[in-house]
Amino acid sequence: MRIFIKNFIPYLIAFIYRAIWYLLFPFIYFYFLFRSIKEPGYEKNFLERLVLYKSQFQNAIWFHAVSLGELRAARPIFYKLLKNNERLLLTTLTLAGRIAAQKEFKDQINKGEVAVFYNPLEFDFLFYKFIRKHNPKFCVILECDLWPVMISSIKRAGVPLVFAQAQYPERGFKRDKSYPFLKGNLIKEFDFILAKSQKHLKRFEFFGGKKISIMGDMRFELDIPKNHLKMADSFKRRFLKNHFTICFASIGKKEDKIIVEVMRRILQNSLRAENLRFFFVFVPRHPNDFKNCDRLFKGTSIRIKKRSELFEDNLNPAKRLALDHTILDFDAIWGDSLGELNFYMSLSDIVFMGDSFNEEGSHNIIEPFALEKPVLVGPSIWGIEYPAMEALEAKILKQVFSKEELIKELWNFGEKFKKNDRDLENLSTKLSSFYKLHSGAAKRFYDMLKNKNLINPDIRPEVKNKIKKKQKM
């Protein structure tokens, strides 16, 4: 009886889960309609989520990424596959991810090598329709975006399923291991799992994952736009050579006010310091917050200018900065643009990575490592467990647990900058070595696909046949 109940519970939960989606469908539409008020485009392309379009982009490799960050992280494997004459079907959940993918692969889309769509909503019949329409060679889910109906529909359709750059944050693992049969039913569906690190591999094994190996993180291989480096270097040499510049990157909600207070305190203290001048770059995490500059800094003594006011689209200084002078009449730059984080971080001497003072698990720390910038994070780093734990052990990452500690660490780095301390030079060398040591994820991923005969296999007509049989049942 106990075994029967144990086996029955997952089916009951799956039934309830599907029923909730059907009951909430009207509210789901209004949710996207509401989001489109602030982010036009969510409601406009809503029909894509219902697979109501004519395109039949077939026999490609299907990659699913929840948002912009996951798509960018996978760029190395995308281009490696395209060079080997593969076609890519990219799906995402967010508007930012969709726009970025369309912009990144504009030429390939025009050539018929790449197609970008919203992922279907969590209904079996929509995924069967999507798979029948596109007949993908196999599906790769990136990072940690697991949807039960999506996974079960893909498997029932006979499409091989790969989990790549797979991570299982400790917080989620501790929560889920109390009910292993629930998460285990999802993990066991994957034909192959490519985990970010040994810690993540062990967690997938706990839930019965099969054919698991370590690939690392493709963010260690991302190309940095040369124009971003060039323009940042030019601005820094002209205006900031005597400043210790701090980039507060990807600052999220509930921590933005903390960071503003940190900036204010540091500027106030610097008035009493000799030959130590600070400059800040503040970059919001979400595009929705780009317009909050005036509200956030209102009533403070911090003089801040927006990137959109200071630079042209190609990052050339606007006319007011193109004048022949080297003195800035402001203390900070507000980063109100997408896709230019490398430019903002290149302006700096140190980077504080946001979403780490608000329980969001921190944003990606690999990008500043690639630029050989010292990095600070707050208390919450569950989302970047790899490579944060390895970086802390290598002493190239510093974690702080309070506003006061953050101010102290930033000030200490500023003092070392003023003295040309050799510790900073040694740290740069360590950062470079760490970055090279952890590279190679794209090659490992590609080799696995090749070894498993997933690249350029024969087109599998049985996919459509399985779906047809399922639809008749």
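**Notebook: cavity and sheet**

I note that the model is predicted.

I looked up the volume next: the largest cavity holds about 60 Å³ of space. Rolling a probe the size of a water molecule over the atoms shows where empty space is left.

I then listed the lining of the largest cavity. Ile251, Gly252, Asp256, Phe282 and Pro284 are among the residues there. Asp289, Asn292, Arg295, Leu296 and Trp334 also line the largest cavity. I sorted the lining by class and got 5 nonpolar, 3 charged and 2 polar residues.

Which elements each supply at least two residues of this lining? I have strand S9 (277-284) and helix H13 (293-297) for that.

I read an open sheet of 7 strands, with parallel pairing. I wrote the order down as S10-S11-S9-S8-S12-S13-S14, which places S9 between S11 and S8. At the edges I have strand S10 (304-306) and strand S14 (397-399), each pairing on one side only. I took the twist from one strand to the next, and the average is 20 degrees.

Strand S12 (residues 350-353) and strand S13 (residues 375-377) run parallel and are joined by 3 bridges. In this pair I looked up what stands opposite Met353, and the residue is Val377 in S13.

Technical notes
Residues numbered from 1 in each chain as written. Predicted model: local features only at pLDDT ≥ 70, side-chain atom pairs only at ≥ 80, totals over all residues. Heavy atoms only, no water. 1 Å grid on protein atoms, 1.4 Å probe; cavity = no way out; pocket = protein on both sides within 12 Å on 5 of 7 lines; lining within 4 Å. Points joined across faces, edges and corners; volume = space filled by probe spheres on them. Helix = DSSP H or I, 4+ residues; strand = E, 2+ residues; numbered from the N terminus. Nonpolar A, V, L, I, M, F, W, Y, C, P; charged D, E, K, R; others polar. Pairing = 2+ DSSP bridges. Axes fitted to C-alpha atoms, helices over the stretch in contact; angles between N-to-C directions.
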